[in-house]
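Colleague: I've got a model open and I'd like to learn how to read it. Could you walk me through it, feature by feature?

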Amino acid sequence: MTRETGRDGRLDERVVLLVAGAADLAVSTVGSALGAVRGLLHRSDAAELAADAEHELMARGRLVLGRYAAPPPAHLELLARHAVARRAADDA
């Protein structure tokens, strides 16, 4: 792979370059994350920090479940139910 591969380069060369780039990115990301974790472990308020992180993750979990778990009822369906209930109340 002495020449620079562009759009006209062979597919296998492009795949190898993409995989190598992704692997390098993953290694550097893991390395910096481990450095951050090491720094957090040396803090005196690590327990409070962990508790705050737990509360933050729980709040995010609630938001995600609220967003995707059960969709709200359709607006027109709600209006139809109110109209039926109102007619039933007027007839009684």
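Modeller: Glu-56 and Arg-60 sit 4 residues apart in helix H2 (residues 46-68), so about one helical turn separates them. Helices here are DSSP runs of H or I with at least four residues, strands are E runs of at least two, and both are numbered from the N terminus. Keep in mind that this is a predicted model: local features need pLDDT of at least 70, side-chain atom pairs count only at pLDDT 80 or more, and totals for chains, interfaces and linings use all residues. Residues are numbered from 1 along each chain as its sequence is written, and side-chain values use heavy atoms, with hydrogens and water left out.

Colleague: What does Glu-56 form with Arg-60?

Modeller: A salt bridge, with the closest N and O atoms 3.4 Å apart. The term means a side-chain nitrogen of Lys or Arg within 4 Å of a carboxyl oxygen of Asp or Glu. By this rule the count comes to 4 salt bridges.

Colleague: Is Glu-56 exposed or partly exposed?

Modeller: Partly exposed, at a relative accessible area of 45%. Buried means under 20%, exposed over 50%, and partly exposed in between, using a 1.4 Å probe and protein chains only.

Colleague: Which residue does Glu-77 pair with in a salt bridge?

Modeller: Arg-81, with the closest N and O atoms 3.3 Å apart. Glu-77 is partly exposed at 38%, while Arg-81 is exposed at 52%. Elsewhere, salt bridges that share partners join Arg-10, Asp-12 and Glu-13 into one network. Within it, the closest N and O atoms of Asp-12 and Arg-10 are 2.7 Å apart, and Asp-12 is partly exposed, with a relative accessible area of 42%.

Colleague: Now the overall picture. How many helices and strands does the protein chain have?

Modeller: There are 3 helices and 0 strands, running α-α-α from the N terminus on. The radius of gyration, taken over C-alpha atoms, is 28 Å, well over the 12 Å that the globule rule gives for 92 residues, so the protein chain is more spread out than a compact globule. That rule is 2.2 Å times the number of residues to the power 0.38. Along its principal axes, the C-alpha trace spans about 85 × 55 × 10 Å.
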